[in-house]
Amino acid sequence: MAGRGLSGWLGRRTLAQLSVGVGVAAALALSGSLVVTGLAVRAEQRKQAALAALADYAAMASKLGGQEGLALGSVTEADAAYLSAWLSAFQDGPVDRGEVTLEETCRTGRGGAGVRFIRAPVGKPAGLAALEDARADRLPRLGEAVYAVRLARGTLCPGRAVDVVMVRKSVGALDIRVGRVVAPLGQAWAWAVASVAATAGLILVTALAGAVLARGRLTTALAAVSRALQGAAIGDLTRRAPEQGVAPELTELTVLVNQTLDRLDELMSWLRDSSDQLAHDFRTPLARATARLDALEEARTAPERRRLLDEARADLNRLSQAMAETLMLRDGQAWAFERIDLAQVLRAVAELYEPLAGARGVTVAVEGGPAEILGVRSLIQRALINLADNAVKFSPDGGRVTLDVRAEGAGAVLTVTDRGPGFGAEPSAEGETSHGMGLPFVRAVMRRHGGSLEISSADAGTVVTARFSR
């Protein structure tokens with residue numbers, strides 16, 4: 001449940017917000033690492049100071065001798081005065097001990113200087129009295145008798161407060177406190193803190209700038225995609241979204257949007273061409289059926305009326321067949337691509353038109369060899385029937401229609417040649433308007449299959465060339 005809540009929360013955040021959030025988290029992590037490092041360094045300094053203080057206590061206890069002569073009741077005023085003088089000498093120490101002096105600590109801020117305090121049952125205490133009066137916090141991890149003491153400014157050093165790690169133990173009746181000054185983190189640490197703070201600020205600024213840049217880039221890319229989609233919504237399918245150079249994050253989206261618009265443009269072209277084809281296919285049968293029904297009213301004999309009625313019924317049946325094919329295409333039943341042998345389809349088309357052509361003495365010949373393409377069988381067959389129908393229709397009696405196909409590369413080339421009147425003009429490309437032969441449907445099929453269609457006039461007829469690229 002918590003995971004879904006987090007994912008839902010993240011899903012409602014903008015890219016700019018997430019980028020700034022990552023920058024803030026990085027800055028906090030960096031600052032946190034600095035704090036942890038500082039605590040670790042401080043703990044190590046205290047540990048070293050505690051070890052030095054314990055060593056100092058051991059040295060003092062050794063010099064003082066055993067506890068028998070320092071038991072309660074056996075320490076006199078003279079002993080207390082001696083201890084005070086001895087502690088002063090021990091505090092200063094010989095110069096070859098390598099120990100940092102109090103004067104050096106106060107002057108440079110270095111740690112390591114030792115501080116001592118002894119209280120006897122009689123007489124005045126000796127050493128730094130502030131070790132007895134200052135608040136002491138136990139450091140159990142460093143030992144049972146180890147304490148941390150904060151000496152206020154002016155107590156040990158005139159210009160600064162110092163931290164001391166102190167060992168508090170007894171030797172006989174003597175209360176002994178021995179400590180070492182802990183070095184401050186120092187100027188280097190201050191520079192490190194400033195550097196980390198500057199780095200954290202730079203991370204935040206960079207994250208914010210990156211978020212602004214990313215937001216602007218995404219906004220620009222989305223605006224381009226929106227303009228393309230808005231154009232498609234009002235019928236303008238010529239506009240496309242830029243696929244490179246704006247927002248690489250949206251390249252896949254813009255490619256898919258452009259592919260969808262290309263597909264929509266193709267379908268709209270298909271719809272326009274199909275509408276032209278339907279108008280062409282329906283016009284002649286409707287005109288014939290209307291003329292025959294008009295003639296039916298004037299027919300005088302029953303055989304004539306029956307003939308006109310049968311012919312009108314045949315025209316209407318052709319309209320029904322064309323409508324059924326159109327509905328099949330609309331329902332998507334003929335959009336499955338498969339391997340098709342064009343030679344086989346041409347032979348089937350030739351057999352279909354042989355009776356009609358034979359009645360006029362027109363010869364339909366199939367030439368060429370096997371040529372496979374990838375396409376929709378029903379669309380290819382319908383387009384070839386259209387071409388064959390035009391060729392037979394416009395061929396003179398006793399003429400010849402040649403259906404030729406051959407493989408070419410990964411595709412095929414198909415030609416339909418007749419000996420009709422031709423166009424009497426220069427060769428026309430696929431993009432030109434129809435020549436009145438019902439070719440819009442054929443051009444739409446060729447476009448659907450990635451092919452092209454060319455129509456040219458030969459010396460004695462027309463040549464229609466269809467090139468398939470796959």
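**The sheet and its partners**

Analyst: Phenylalanine 117 stands opposite glycine 127 in S2. This is a predicted model.

User: How many bridges join S1 to S2?

Analyst: S1 and S2 run antiparallel. Strands of a sheet pair through backbone hydrogen bonds, either parallel or antiparallel. The number of bridges joining S1 to S2 is 2.

User: In the hairpin of S1 and S2, which residue takes a positive phi?

Analyst: The hairpin has 6 residues between the strands. The phi in question is near 80 degrees. The residue that takes it is glycine 123.

User: What is the bridge partner of aspartate 163 in S6?

Analyst: Strand S5 (residues 162-171) pairs with strand S6 (residues 174-182) in the antiparallel sense, over 9 bridges. For aspartate 163, the bridge partner in S6 is valine 182.

**Arginines and a proline**

User: Is arginine 177 buried or exposed?

Analyst: Arginine 177 lies in strand S6. Its contacts beyond four places in sequence include Val115, Phe117, Leu131 and Met166. The relative accessible area of arginine 177 is 9%, so the residue is buried.

User: Which residue has its backbone oxygen 3.0 Å from a polar atom of the arginine 177 side chain?

Analyst: Leaving aside neighbours within four places in sequence, arginine 177 is in contact with Leu131 and Glu132, among others. The backbone oxygen at 3.0 Å belongs to leucine 131.

User: Is arginine 141 buried or exposed?

Analyst: Arginine 141 is found in the loop between S3 and strand S4 (146-151). Its C-alpha atom is 9.1 Å from that of lysine 47, a residue 94 residues apart along the chain. At 85% relative accessibility, arginine 141 counts as exposed.

User: Which residues does proline 184 contact, leaving aside its neighbours within four places in sequence?

Analyst: Proline 184 is found in the loop between S6 and helix H6 (186-233). With a relative accessible area of 45%, proline 184 is partly exposed. Its C-alpha atom is separated by 8.0 Å from that of valine 162, 22 residues apart along the chain. The contacts are Arg42, Gln45 and Gly109.

**The disulfide**

User: Which cysteine does the disulfide join to cysteine 106?

Analyst: The count comes to 1 disulfide. A disulfide is a covalent bond between the sulfur atoms of two cysteines. Here the S to S distance is 2.0 Å, and the partner of cysteine 106 is cysteine 157.

User: How many residues apart in sequence are the parts that this pair ties together?

Analyst: Cysteine 106 lies in helix H4 (residues 102-108). Cysteine 157 lies in the loop between S4 and S5, so the parts tied together are apart in sequence by 51 residues.

User: Is the disulfide left-handed or right-handed?

Analyst: The torsion about the S-S bond of cysteine 106 and cysteine 157 is about -80 degrees. The disulfide is therefore left-handed.

User: Is cysteine 157 buried or exposed?

Analyst: Cysteine 106, at 23% relative accessibility, counts as partly exposed. For cysteine 157 the relative accessible area is 1%, so this residue is buried.

**Helix H9**

User: What is the distance between the end C-alpha atoms of helix H9?

Analyst: Helix H9 (residues 342-359) has 18 residues. At 1.5 Å a residue, the helix should span 26 Å. The end C-alpha atoms agree with this, at 26 Å apart.

User: At which residue does the kink in H9 lie?

Analyst: The kink is about 45 degrees. It lies shortly before proline 355, at tyrosine 353.

User: Which residue caps the N-terminal end of H9?

Analyst: A side-chain oxygen of the capping residue lies 3.2 Å from the backbone nitrogen of alanine 343. The capping residue is aspartate 341.

Note on methods: Residues numbered from 1 in each chain as written. Predicted model: local features only at pLDDT ≥ 70, side-chain atom pairs only at ≥ 80, totals over all residues. Heavy atoms only, no water. Pairing = 2+ DSSP bridges. Helix = DSSP H or I, 4+ residues; strand = E, 2+ residues; numbered from the N terminus. Buried < 20%, exposed > 50% of the residue type's maximum accessible area, 1.4 Å probe, protein only. Expected span 1.5 Å × (residues − 1). Bend = angle between axes of the 7 residues up to and from the residue. Polar contact = N/O pair within 3.5 Å; in protein donor to acceptor, adjacent residues only side chain to side chain. Disulfide = S-S within 2.5 Å. Contact = heavy atoms within 4.5 Å.
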